[in-house]
Amino acid sequence: MASSLGSAPDIADASPLVRIRSLFPGLARAEQRVAQVVLGDPAVVAHRSITEVAEAAGTSETTVTRFCKAIGVGGYPDLRIALAADTARTAARADRDLGSDIGQGDDLRQVVSKVSFADARAVEETADQLDVVELEKVVEAMSAAGRVDVYGVGASAFVAMDLQQKLHRIGRISFAWSDTHIALTSAAVLSKGDVAVGISHTGATADTVEALRVARGRGATTVALTNFPRSPIAEVADYVLTTAARETTFRSGATASRIAQLTVIDCLFVGVAQRHHESATAALEVTFEAVSGHRLGPRPDGRRRQRETGK
């Protein structure tokens, strides 16, 4: 079954703002108003009383307390401590207005700075909050799987293909599907011992959710990779791996979310390769040599490429 929220990394170890953003869609409306106040100026909230925060959110102190519990902290004092610690950790970035959205008046230098900052931060925050225990379980399941089918549509399809290509290169049977009908027919022929991975930033992509539901119904182990752990895809997943990326104006389906997903994909791939070290290493060498004739110049490791003589 999907892991409970309590199995995720402790809020003291990862940014509380990351957790709030990931859980935001599943919060009650009044709790979302509290979240907006906190996300709007976390440094100020860290020094505010619960009464002041409740008034700013147009709600009650009880709702603020419920909000704290919903995001995994014991109460408002714990939230203040977590916010203060997070503010201190990010103080070095305080003089760089890079966390804000891209504005219409930003010049290209600002655009480059904000985009690169958001992408780098997505990787850092994804690594900080990634549940390694859950990741280990997924690696074990994929290492023992008869086949791994990966589902993703739109921008997530590229991530799905990346995972499939990586696994295939070390000799693991894997397929990536982005067409809804083919994904569903693929899921329908899976069975116990197989693994199905659904990739969706929002966790609400109907095509991917449905494919994972069918795969689970056939007995396959199901894995969801999403930015929102309380999204619909989590309901049909045995294991949920989360990213931490923010999508902003001009950047819906942004590179930041794809890079965050690819970070998790790389961790999965390396974990599987480790468990099949000898065969994976041999496969990587063979597949490298297979395409070496289509590259110009020496190998990256300095060794000369073998040439086909035709004899």
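A residue is called buried when its relative accessible area is under 20%, exposed when that value is over 50%, and partly exposed in between. The legends below use these words for a predicted model.

**Figure 1. The ring pair of Phe175 and Trp177 in the predicted model.** Trp177 has a relative accessibility of 24%, a value that lies between the two limits, and Trp177 therefore counts as partly exposed. Phe175, with a relative accessible area of 32%, is partly exposed as well. The chain contains one aromatic pair. In this pair, the ring centres of Phe175 and Trp177 are 5.9 Å apart and the ring planes meet at 15°; because planes under 30 degrees apart count as stacked, the pair is described as stacked.

**Figure 2. Overview of the chain.** The chain has 311 residues, and 44% of them are buried. Its secondary structure consists of 13 helices and five strands. Of the contacts in the chain with a separation of 6 or more, 68% are between residues 24 or more positions apart.

**Figure 3. The packing of helix α4 against helix α5.** Helix α4 covers residues 50-57 and helix α5 covers residues 61-70. Their axes lie 8 Å apart, at an angle of about 100°. Angles of 65 to 115 degrees count as roughly perpendicular, so α4 is roughly perpendicular to α5. On the α4 side, the contact is made by Ile50, Thr51, Val53 and Ala54, while α5 contributes Glu61, Val64 and Thr65. These contact residues comprise four nonpolar, two polar and one charged.

**Figure 4. Ala196 in strand β3.** Strand β3 spans residues 195-199 and includes Ala196. The relative accessibility of Ala196 is 0%, so this residue counts as buried. Apart from neighbours within four places in sequence, Ala196 is in contact with Asp149, Tyr151, Leu190, Leu212, Ala215, Thr221, Thr222 and Val223. Asp238 stands 42 residues from Ala196 along the chain, and the C-alpha atoms of these two residues are separated by 10.0 Å.

**Figure 5. Ser231 in the loop between β4 and β5.** When neighbours within four places in sequence are left aside, the residues in contact with Ser231 are Thr202, Gly203 and Thr226.

Definitions and conventions
Residues numbered from 1 in each chain as written. Predicted model: local features only at pLDDT ≥ 70, side-chain atom pairs only at ≥ 80, totals over all residues. Heavy atoms only, no water. Phe/Tyr/Trp six-rings, centres within 6.5 Å; stacked < 30°, edge-to-face > 60°. Buried < 20%, exposed > 50% of the residue type's maximum accessible area, 1.4 Å probe, protein only. Helix = DSSP H or I, 4+ residues; strand = E, 2+ residues; numbered from the N terminus. Contact = heavy atoms within 4.5 Å. Axes fitted to C-alpha atoms, helices over the stretch in contact; angles between N-to-C directions. Parallel < 35°, antiparallel > 145°, perpendicular 65-115°, else oblique. Nonpolar A, V, L, I, M, F, W, Y, C, P; charged D, E, K, R; others polar.
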